[in-house]
Amino acid sequence: MASLTTDLAFITNYPMVKASCMELGKKVFGVPAPPRIIGFNGRRSKSFSTRAVMQVDRVVEESKNADFLGLDVVTETELREKGFLGLRKTKLVCTVGPACCSYEELEKMASAGMNVARLNMCHNTRNWHQDVIRKVKKLNHEKGFCVSVMIDTEGSQIHVADHGGPSSVKAEDGSIWFFTTEEFEGCRPFTVQASYEGFAEGIKEGDELVVDGGMATFEVIERIGNDLRCKCIDPGLLLPRAKLSFWRDGKLVEKHYELPTLSTKDWSDIEFGISEGVDFIAMSFVRDDDAVKHLKNYLSTKNKFIKVLAKIESLESLHNLEEIVEASDGIMVARGDLGVEIPLEQIPTVQEKIVDLCRQLNKPVIVASQLLESMIEYPTPTRAEVADVSEAVRQYADALMLSGESAIGSFGEKALSVLRMASTRMELWSREENQQPAFPKCKIGVSLTDQIAEQICNSASRMANNLGVDAVFVYTKHGKMASLLSRNRPIPPIFAFTNVESTQMALNLQWGVTPVFFDLSDDMDANMTKTIDLVKSKGLLKEGDAVLIVSDAIPTVYQSLQVKIV
Ligand SMILES: Nc1ncnc2c1ncn2[C@@H]1O[C@H](COP(=O)(O)OP(=O)(O)O)[C@@H](O)[C@H]1O
Ligand SMILES: C=C(OP(=O)(O)O)C(=O)O
Ligand SMILES: [K+]
Ligand SMILES: [Mg+2]
C-alpha cells in the first residue's frame, strides 16, 4: 500500500471541531478509508480564528517507513504554540483509577500532558488493569500519543486490613483500642485488624504505634500474644488500609519482617505486566539492591526490556540508597510511605538528596505523593502545594506524579494542568535567572567507550547552552546518550530518534527528552538529513535554526558531535 504522510494546515475564521476536520481530511484526500488524524491543534489566534493542524496518515504500517517521523501529537502541538524553548522538560506521571479510566478520560489526560500512566496493583482487578493498559496503547496507536505504562507492585507492608467497615473511624483521646491479627468480617468497636500476623513481634509496652505517619498515635499498654492493647494519646482518624509503624525513643523500630520484597501476588502481577507489554515496573518497599537485581535478571532472561524502578519508601532503603540507585533503572521518591518511616520534617532534605544522587548516577527520578492532595476534593491547589511542586522542579527531578488526584479525584485534568503550568513556569524562571544546575561531578563511564560517550554528551550540553542552539538531536538505539545529555539538564530540548520502541517508551520518563520513533539507518548522514528535512517539512524548524547533533546509534563505529544550521 502507498505510504504517505501528509501535513495539512487549515486556517479558518471559525473555531473548528475535530469532526469537521476529519470530514475535511476525507474530502481533500479522497481516500477510500477515513484518514487517521494523529494531530490536531485548536489554538486561537488573536483574531479568534482557529488554526487547526492535521497530520493525516493512511496506514499504520507507515511507522516502519523511513519517511515517517513518530513525533507525538502533544509535543507537536506544544512546539507549534511555544517553540523549542517553550517545551516542558519535567515529565508527568498519572495514577489511573476509577476517576479517569474511560477511553475519553484517558485521552483527555494524554492531551493534558500525561507522559506515563501508572497502575497501582494494590487496587482493583486484573481485568480492570488490562482494560486500562489496552486503552492507553490504543490511544498511542490510533491518536498519535506517546504515553508509557507503569505498573506499581503491591509489596508487603503492614497496614490496617480493609475489611469492608466504615470508610473512617475516629480514635478519641484516652480511648483503649485492640490491634489484632485475628480475621473478622465487618467491624468491631475499638478493634483494628492488622494485615500481617507478625506485626507485633519485638514490640514492648511503652512503644508508640503511629497510624499513617501521624494521623493518630497510640501507646502500647499491653502485649497479648500477637495482639496489642493500646491507648490513644494523639486522637485522629483511622482510614481504610491505614499504615502502621512503631516508634521507641523518637526513632522508628526497624523490624525485619520475613516478608519478601516481591510477594507471590507481585510476581503474578509482574507476569501480567510482561504479557501486556508494560514499559515500567515500580517495585514497592525495596530494601536493598538484591530484589532489584533479581527482577532485572529475570526480565533479561525473558528478553524483556522493561525498566525497573525502585521505590524509596522505607528507612531501610535509605540506608542502602546508593546500591539501590545503581542497580535500578530509575527511582521513585515515594513520600507517602516514606513519611511513615521517617519524621515528616526530614522529607524535603531526603527528597533533595535522592534527586541529586539520581542525577549524578544518571537514573531518572520521580517525586511522588501528595503533590496536589487537596485537589482530590477541590478544583484549586493550596499555595503550599504549588510551592512543593515548584521545589521538585527546581531540584530538576525528571518527573512528578499524581496519585489520588487523578485516580479518584474530581479534578484530575485540572491537577495535571497545575503540574504543567507550575513546571513550565519554574523551568523558565531557572533559565531566566541563570539558575542552570552545575554539571554532575561524578564520572560514571567505566569502559573507554562509555567514557567517550559521557564526555561527548558533557561537551555537547555545554556547546548547546553556550551557542544557544534551538534543539539537540540524538540518534540512539538504547537511549544511553539521550539520558547522558538529559543528565546535564541542558537548555534546549533533546529529541531522541530511535527505532527501538522500548527505548522510545523508556525515554518518556527522562527530563527534557522527546522520544521520536524513526527508522534509523546505518548511514548517520542520511539519518541527520532525513530527520531535519522531516521536522522542517512540518514547519517546526525554519531556516537559520541551529541543531546540535549527537549520535550513538552505532557506538564504536560512529560517535559524533556536530552543529547543523538548517
Ligand atoms: N486502580 C484503582 N482502582 C480503584 N481505586 C484506586 C486505583 N488506584 C488508585 N486508587 C485510589 O486512589 C488512591 C491513591 O492512589 P495511590 O496513591 O496509588 O494508592 P495508595 O493510597 O493505596 O498508596 C488509593 O488510595 C485508592 O483509593
Ligand atoms: C507512591 C507511593 O506508593 P503507594 O502509592 O503504592 O503506596 C508512596 O508511598 O508514596
Ligand atoms: K503500590
Ligand atoms: Mg507506598
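I began at ligand 1 and looked up His 123: an N or O atom of the His 123 side chain is 2.8 Å from an oxygen atom of the ligand. I note here that the model is a predicted one.

I then asked how much of ligand 1 the protein covers. On its own the ligand has 520 Å² of accessible area, and the protein covers 73% of that.

Next I looked up which elements give two or more residues to the shell around ligand 1. I found strand β6 (116–120) and the helices α4 (126–143) and α12 (404–407).

I went back for two further side chains. Arg 118 places a polar side-chain atom 2.8 Å from an oxygen atom of ligand 1. For Asn 120, I read 2.7 Å between a polar side-chain atom and an oxygen atom of the ligand.

I counted 14 residues around ligand 1, and those that come nearest are Arg 118, Asn 120, His 123, Asn 124 and Trp 128. Sorted by class, the shell has seven polar, five nonpolar and two charged residues.

I placed Thr 217 in strand β12, which spans residues 216–224.

Last, I looked up the contacts of Thr 217, leaving aside neighbours within four places in sequence. I have Glu 208, Leu 209 and Val 210 on the list, along with Lys 231, Cys 232, Ile 233 and Asp 234.

Note on methods
Residues numbered from 1 in each chain as written. Chains lettered and ligands numbered in written order. Predicted model: local features only at pLDDT ≥ 70, side-chain atom pairs only at ≥ 80, totals over all residues. Heavy atoms only, no water. Helix = DSSP H or I, 4+ residues; strand = E, 2+ residues; numbered from the N terminus. Contact = heavy atoms within 4.5 Å. Near = heavy atom within 4 Å. Polar contact = N/O pair within 3.5 Å; in protein donor to acceptor, adjacent residues only side chain to side chain. Areas by Shrake-Rupley, 256 points an atom, 1.4 Å probe, with all protein chains shown as cover. Nonpolar A, V, L, I, M, F, W, Y, C, P; charged D, E, K, R; others polar.
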